[in-house]
Amino acid sequence: MHDELSFPILTALVLTPAIGAVLIALISSRQAQYAKLVAAITSVTTGAMAIWLTAEFHQSDDGFQFVTKQPWIEEWGISWHLGVDGISLFLVLLTGVLFPLAILGIDPHNDEPGRDKPYLAWLLLLEAGVMGSFLSLDLFLFFVFFEIVLVPMYFLIGGWGYEGRVYAATKFFLYTMTGSAFMLVSIMATAYIASRNGVSGVTFDLVEIAENAEFAASTGRWLFFGFAIAFAVKVPVFPLHTWLPDAHTQAPTAGSVVLAGVMLKLGTYGLLRFGLYLFPEAAYWSRYLWLGLAVVGILYGAIAATMQTDLKRLVAYSSVAHLGFIVLGTFAFTSQAITGSVMQMVNHGVSTGALFLMVGWIYERRHTRQIAELSGLQKVAPIFAAGFMVVMLSSIGVPGLNGFVGEYLILIGTFLAEPWYAAIAATGVILAALYLLWAYQRVFHGEPGEANEGFAELKLKEAATLLPFIGIIVFTGVYPKPMLDRIEPAVDRLIGHVESVADFEAPSPDEPVIVEHDDADETEEGDH
Amino acid sequence: MLAQDTFFTAPDIEWWHLSPILALVGGALFLLLVGALTPRWPRGLYGIVTIVTAATAGVFAVLQWSDIDDNGPATIVDGALAFDHLTLFLTITICVAVALVALLTIDELAIAGKDAPEMYAMFLVAATGGVVMSSANDMIVLFLGLETLSLALYVLAASYRTPESQEAGIKYFVLGGFASAVFLYGIALVYGGTQSTNISEIAASFTTTVSLDGDSPLVLAGLALLLVGLAFKVAAVPFHVWSPDVYQGAPNQVTAFMASVGKAAAFAAMLRVLLVALPFQRDDWRPVIWVLAVLSLVIGSLLAAVQSDVKRMLAYSSVSHAGFILVGVEAAGHAGPNDGTASVVAYLLFYSVLTIGSFAVVAVVAHSNGGDTSLTAFNGLARRRPAITLALTVFLLAQAGVPFTTGFVAKFGVIQAAVDVNSYAIGIIAMLSAVIAAFMYLRIMVSAWLTVEETEVAKEQAPISTVLAIGIAAIFTVVVGIYPEWVLDTAESVAVFAR
C-alpha cells in the first residue's frame with residue numbers, strides 16, 4: 001500500500017454538501033441571499049476536493065483507494081465504508097464538477113425569490129446522496145444513499161418543474177422505489193447467505209462479500225436479479241424506461257442536468273459494482289438478456305427521439321439510447337467495452353447535461369420547447385448555435401469529441417465478444433446523427449420568423465457555465481489517455497474477478513484489435 | 001375470605017419490579033381524586049402531572065434494566081407477571097408515548113375548552129393496562145390488562161360530545177367487546193387443552209401432557225380464537241374494519257394514543273401468547289400470521305392510497321404498519337436464531353413516536369379548519385407553517401421507509417429478520433406494499449408543499465406544547481434514524497423471555 005492522505009477526503013466529499021444543505025435550511029427566510037453564498041461555497045469546495053482526489057489518485061493501483069472504514073451499526077454488521085477506484089473516480093469528479101455549475105449557472109425558474117432557499121438545499125442534499133452512492137463500499141450504506149437521492153429529486157421536480165411536474169415526480173419516485181424494494185430484500189439476503197457461505201459473520205461489506213462469498217449458481221442469479229431490477233429502472237433499461245421522458249421533461253433545468261448527468265449513472269455504475277463484481281456468474285449467465293435489451297433500447301430510444309416534437313423530450317429519449325450503449329458495453333465482458341462504458345457514463349453526463357442546459361436556456365427565452373415553434377435561431381444567435389452544435393456533435397459521437405472515444409471502445413469491445421450485437425448497435429450511432437442533426441436543422445436553420453427574432457444571444461454567465469462542458473468535451477475527445485489510464489486497471493481487475501469466478505474467459509487479445517481511437521473503423525462507425 | 005383459607009399462602013410481592021405499574025396507577029388515582037376535590041388547576045398542570053407520572057414509571061423501568069442483565073429474567077408475583085426485557089422495553093415505549101400524547105392533549109383540551117383531569121387519568125389507566133399486557137405471564141392477567149386498556153380506550157374514543165366521537169366510541173365498544181369475548185373463549189379452550197392459564201405452565205405442558213405434534217383440537221381451536229382476538233386488537237386485515245372509523249372519529253390525541261400505546265400493547269400480548277405460551281404450536285400459527293401480514297400490508301396500503309381524509313389515510317397506513325410488524329412476528333416464529341422479536345419491539349417504539357408526531361400535525365391543521373382533516377385542508381401548509389410541514393415530511397418519509405429515519409431502520413429490521421429465516425416472499429411483498437403506501441404519503445406531501453391555495457387561508461395556530469411534541473418526535477426520528485445502534489442494542493435482549 002502506498003501512503004494515503006491523512007485527510008478523510010471521501011467522507012468530506014459526502015458530508016460537505018450535506019452540511020451545506022443543513023446550513024441553508026437553518027438560514028432564516030429574511031436573509032435568503034446568504035443561501036446562495038453557502039451553496040456556492042460548499043459545492044465549489046466539494047468540486048475542488050473531487051479535483052484534488054483525481055490528482056492524488058494512484059494511476060497504477062487497481063484496487064480501492066483512500067478507503068475509510070468506521071463501524072456504524074455494529075449490531076447489523078454495517079460500517080461507513082468508502083473507497084474509490086478507477087471505475088468510480090471519474091463519476092465522483094463529474095458529480096463534483098456538475099453540481100457547482102448547476103447551482104451557480106442555472107437559476108431556478110420561479111416567480112418567488114424566497115423559494116431559492118429550499119431549492120439550493122435540495123440540490124446540495126442530492127449531491128451528498130449521489131457522492132455517497134458512488135463511494136460506498138457497504139451494501140447498506142449504498143442502499144441508503146441510493147434511496148435518499150429520491151427525496152431531493154422528488155421535491156426538485158415537483159416544486160420547480162414545469163406543467164406536468166407533480167405527475168412526473170410521483171411517477172419517478174414510485175418507479176424507482178419499486179426497483180429499490182427488490183434490491184433491499186436482495187441486499188439482506190446477500191448478507192445472510194454470504195454469512196453461511198464463506199464470509200465470517202453477517203456483514204454488509206461489499207469487498208468482503210465479493211471476495212469471499214461462494215454463492216450457488218441459482219442463488220446468485222436470484223440475488224443478482226434483485227439488484228438488477230433496481231438498477232435497470234434507474235438506468236433505465238428498456239422496457240422500464242417510461243418514467244424517464246416524463247421526469248426529464250418536467251424537471252427544472254438543473255434537475256434535468258443532474259438527472260441525466262449523474263443520477264442515471266447510479267444505475268449503470270450499480271450494474272458494474274454490485275452486479276458484475278458481486279455476482280459475476282449470474283451477470284455473465286444473463287448477458288444475452290442484457291445485450292438484447294440494450295440493443296432494443298438503443299434502437300427504440302433513437303426512433304422515439306426522432307418522432308418527438310418537444311426538444312427536451314427528444315434529448316430525454318436520446319438518453320435512453322445512449323444508456324443502451326453503456327449497458328451493451330457492460331455486458332460484453334471485454335476490457336475495452338467496459339472501459340468504454342465507464343468512459344461513456346462520464347461523456348453522456350457531460351454532453352447530455354450540456355444539451356439539457358441549452359434546451360433550458362431556449363425555454364427561458366421562448367417559453368416553448370416545441371421544435372415546430374422554433375426556427376432560424378442560428379441567424380439571431382450564432383454563438384449560441386455554435387455552442388449547441390459542439391455539444392450535439394459530442395452527443396452524436398463525432399471523432400475528436402468525447403462521445404466518440406467511449407462509443408468506439410464500447411463497439412469494438414462488444415464486437416470482439418458478440419459481433420452481431422455490436423453490428424446492430426452501430427446503427428444506433430447513425431440514428432443518433434439523424435435525429436439530432438434533423439432537430440438542429442429545424443431549430444437553428446431557416447428563417448427566424450417573427451417569434452424568434454428577439455432570441456437573445458448567449459449571455460456572459462451562460463457562456464461561463466457552458467465553457468467547462470465544452471472544455472471537457474474537447475479535451476477528452478482529443479486526449480483521452482489520462483482517463484483511460486486510470487479506468488483500465490480497475491476494469492481489468494474486475495474482468496479478472498469475473499474470470500476467476502464465472503466460467504468465462506475474456507476474448508483473447510491475439511485478434512487484431514485497434515485500440516487507438518484515431519484509426520476509425522469504417523465498418524463500425526459508418527459515415528456521419 | 002382468603003385469609004381464612006388455610007391452603008392459601010400469600011405470594012411474595014416484588015414491589016420494586018411492580019413500580020412502573022404502581023406509578024401509573026398512582027398517577028391516575030391522584031389525578032382523579034385530587035383533581036375532583038380541588039378547584040380547577042392552572043392550565044396544563046393536569047398534563048404536566050401525567051408527564052411526570054409517565055416519566056417516573058419510565059425511569060423505574062430503565063433503572064431495572066441492568067437487574068435482568070445481572071440476574072436473568074424471572075416471573076414475579078407467583079408467576080402472574082413476567083419480569084424480562086420485553087416487559088421493560090414496552091413499558092418504556094408506552095411511557096414515552098403517554099408523555100408525548102399528554103403534551104399534545106394539553107393544547108387540545110385547552111382549545112376545546114375542556115381542560116379536566118379525566119382524559120389524562122384515562123390515558124394513565126390505559127397505559128397501565130398496556131404495561132400489564134406486555135408483562136403478563138398468565139392468560140387471565142393478560143385478559144385483565146387487555147380489558148383495562150380497552151375499556152379506557154372506549155371511553156377515550158367517545159370523550160368528545162360530537163356525533164363523530166360518540167359514533168367512534170360505540171363502534172369500538174361493540175366490536176371490541178366482541179373481540180374480547182372471542183379472546184376470552186380462546187383462553188378457556190387453551191385452558192381446556194393444557195389445564196392451565198399460566199403462560200409458563202402452558203408452554204411447559206407441551207413437553208408433558210400434550211403431544212408435541214400439536215394435535216390437541218382444544219388447543220388448536222383456542223389458538224384460532226386467540227389469534228382472532230389479537231388480530232382485532234392490532235387491526236390486522238381482515239379484522240381491521242373498525243380502525244378507520246374509530247381513528248377518524250376519535251379526538252386527535254386519542255387517535256394518536258390508540259395508534260401508539262394501543263398497538264404496542266396489543267403486539268406485546270401477541271408476543272406473549274404466541275412466542276412465550278404457544279411456541280410449540282408455531283407451525284400452526286405461523287401460516288396464519290403470514291396471511292394476516294400479507295393481507296394487512298397489501299390491503300392496508302391499497303386502501304390508504306385512495307382515501308381523501310388524512311386521518312383515514314393514517315388509519316389505513318397503521319394497518320399496513322401492523323402488517324410490517326407481523327412480518328417480524330412471523331420471522332420470530334421460525335425455529336432457530338433470529339432477531340424477529342427485537343425487530344418487532346424496535347418497530348413499535350419507532351412507530352409510536354412517528355405516529356404521535358403525525359397526528360400532532362393533523363391536530364394543528366384541524367384546529368384552524370374547524371376540525372377538517374381532509375387532504376385539501378393541508379393545501380399550501382408549507383407556505384404558512386414551513387417548520388411544521390418539514391416535521392410532517394420527516395414523519396411521512398419515515399413511514400414510507402426512507403433512509404436516515406427511524407422508519408427505515410424499523411422496516412430494515414423486520415425485513416432482515418424475515419430474510420434471515422428465508423421468508424423472501426413476504427419480504428418482497430412488504431417492500432412492494434411500502435411503495436404503494438409511499439404513494440399515499442406523497443399525496444399528503446404534494447398537498448402540503450406543492451399545492452397552492454387560491455384563497456387566502458388563515459395561518460394555523462401552533463400551540464407551544466404541541467409544537468414541543470412534534471419537535472421531540474421529529475428530532476428522535478432523524479437522530480435515531482441516523483444513529484440507531486443504541487436502540488437496537490437495547491432491543492436485542494428482549495427475545496430472552498421469562499418463563
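This is a predicted model: local features need pLDDT of at least 70, side-chain atom pairs count only at pLDDT 80 or more; totals for chains, interfaces and linings use all residues.
Residues are numbered from 1 along each chain as its sequence is written, and chains are lettered from A in the order in which they are written.

Now for the overall build of chain B. Chain B has 19 helices and two strands, both being DSSP runs numbered from the N terminus (helices H or I, at least four residues; strands E, at least two). Its C-alpha atoms fill a box of roughly 75 × 60 × 40 Å along the principal axes.

Next, the interface. Taking contact as C-beta atoms, placed from the backbone, within 7 Å, 26 residues of chain B touch 22 residues of chain A. These helices of chain B each supply at least two residues of that side:

| Helix of chain B | Residues |
|---|---|
| H16 | 406-420 |
| H17 | 424-450 |
| H19 | 485-492 |

H17(B) gives the largest share, 13 residues.

As for confidence, pLDDT is the predictor's own score for each residue, from 0 to 100. Chain A has a mean of 84, with 94% of its residues at 70 or more. Helix H13 (residues 287-307) of chain A is highest at 91, while helix H23 (residues 522-525) of chain A is lowest at a mean of 43.

Methods:
Two residues are in contact if their C-beta atoms, placed from the backbone, lie within 7 Å.
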